[in-house]
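Hi,

Here is the structure I promised to pass on.

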Amino acid sequence: MRTIKPNIYVSFSQSLCMTRWLAISNRTNWEITRKKNIWGVPQRNKSIIERVKPGDTVLIYVSQQKENDTLLPSAVTGAFEVVSEPFEERTKVFVAPEQMGDEVFPYRIKLKPVKVFDPPVEFKPLIPKLKFITNKTMWTGHIRQAMRVIPEEDYQTILNAAKS
């Protein structure tokens with residue numbers, strides 16, 4: 001009988017790879033994230049945030065919003081490095097949308113700013129270039145959860161759009 005030894009080099013190199021995340025927010029909670037360097041998800045998204053590791057990168061996406069008579073487009077507002085393991089904290093920091101009741105977004109990570117995009121990068125013009133959005137006409141279905149993994153290529157596409 002042949003014994004198969006685990007390949008420790010593959011496991012080690014995989015642990016060094018950072019994951020790129022797109023975190024879905026609104027403008028109010030974006031401002032809280034920017035000022036407090038913290039990101040939180042609802043109770044129902046605990047299993048997603050548990051996959052986040054220090055060294056990962058988070059891009060913050062804000063949804064379209066009407067402000068007075070102006071329609072603010074959906075956009076990516078900044079890039080952050082994750083600097084903590086996920087943790088649970090029930091202090092009210094974030095503002096829950098009306099339909100979420102008294103949700104406090106208890107599963108959180110601490111962040112360090114990499115770059116705040118000024119101006120924010122409008123999202124809709126990026127859709128044809130983004131690989132994680134496979135259905136370009138019904139694209140909002142790809143951003144319905146609190147956060148999701150995106151490919152390195154999409155991360156770079158968004159960063160490059162912020163530079164131009």
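Below is what turned up, region by region.

Before anything else: this is a predicted model, so to speak of local features I needed pLDDT of at least 70, side-chain atom pairs count only at pLDDT 80 or more, and totals for chains, interfaces and linings use all residues. Residues are numbered from 1 along each chain as its sequence is written, and side-chain values use heavy atoms, with hydrogens and water left out.

**Strands**

Let me start with S2, the strand at residues 38–41. Helices (H or I, at least four residues) and strands (E, at least two) are DSSP runs, numbered from the N terminus. S2 is covered on both faces, with Ile38 and Gly40 buried on one side and Trp39 and Val41 buried on the other. By buried I mean under 20% relative accessible area; exposed is over 50%, and partly exposed is in between (1.4 Å probe, protein chains only).

Who is the neighbour of S2? S2 runs antiparallel to strand S8 (residues 107–122), and 4 bridges join the two. Two strands pair if DSSP finds at least two bridges between them. Opposite glycine 40 you will find arginine 108 of S8.

S8 also runs antiparallel to S6, this time with 7 bridges. There, valine 82 has leucine 111 in S8 as its bridge partner. S6 itself is mostly covered, with 7 of its 8 residues buried. S3 pairs with S6 as well, in the antiparallel sense over 6 bridges, and isoleucine 60 has glycine 78 in S6 as its bridge partner.

Valine 58 counts as buried because its relative accessibility is 0%.

**The largest pocket**

What is the volume of the largest pocket? It comes to about 410 Å³. For the search, a 1 Å grid was laid over the protein atoms alone; a pocket is an open set of points where a 1.4 Å probe fits, with protein on both sides within 12 Å along at least five of seven lines, and lining residues have an atom within 4 Å of a point. Grid points are joined across faces, edges and corners, and the volume is the space filled by probe spheres set on the points.

The lining has 20 residues, and Ile24, Ser25, Pro97, Met100 and Phe105 lie nearest the centre of the pocket. Strand S1 (20–25) and S2 each supply at least two lining residues, and S2 gives the most, with 3. By type, the lining divides into 10 nonpolar, 8 polar and 2 charged residues. Here Ala, Val, Leu, Ile, Met, Phe, Trp, Tyr, Cys and Pro count as nonpolar, Asp, Glu, Lys and Arg as charged, and the others, Gly among them, as polar.

**Aromatic rings**

The structure holds 4 aromatic pairs. One of them is tryptophan 30 with phenylalanine 80, edge-to-face at 6.0 Å centre to centre and 70 degrees between the planes. Rings of Phe, Tyr and Trp (its six-membered ring) pair if their centres lie within 6.5 Å; planes under 30 degrees apart count as stacked, over 60 as edge-to-face and the rest as tilted. This pair links distant parts of the chain, 50 residues apart: tryptophan 30 is in helix H2 (residues 27–36) and phenylalanine 80 in strand S6 (residues 75–82). Both tryptophan 30 and phenylalanine 80 are buried.

Tyrosine 61 and phenylalanine 123 also form an edge-to-face pair, with 4.9 Å centre to centre and 80 degrees between the planes. Tyrosine 61 sits in strand S3 (residues 57–62) and phenylalanine 123 in the loop between S8 and strand S9 (147–150), 62 residues apart. Tyrosine 61 and phenylalanine 123 are buried too, and together with Trp139 they form one aromatic cluster.

Aspartate 118 and proline 119 are joined by a cis peptide bond, with omega about 5 degrees; proline 119 lies in S8.

Asparagine 37 is not a glycine, yet has a positive phi of about 55 degrees. Asparagine 37 lies in the loop between H2 and S2, and counts as partly exposed because its relative accessibility is 25%.

Happy browsing!
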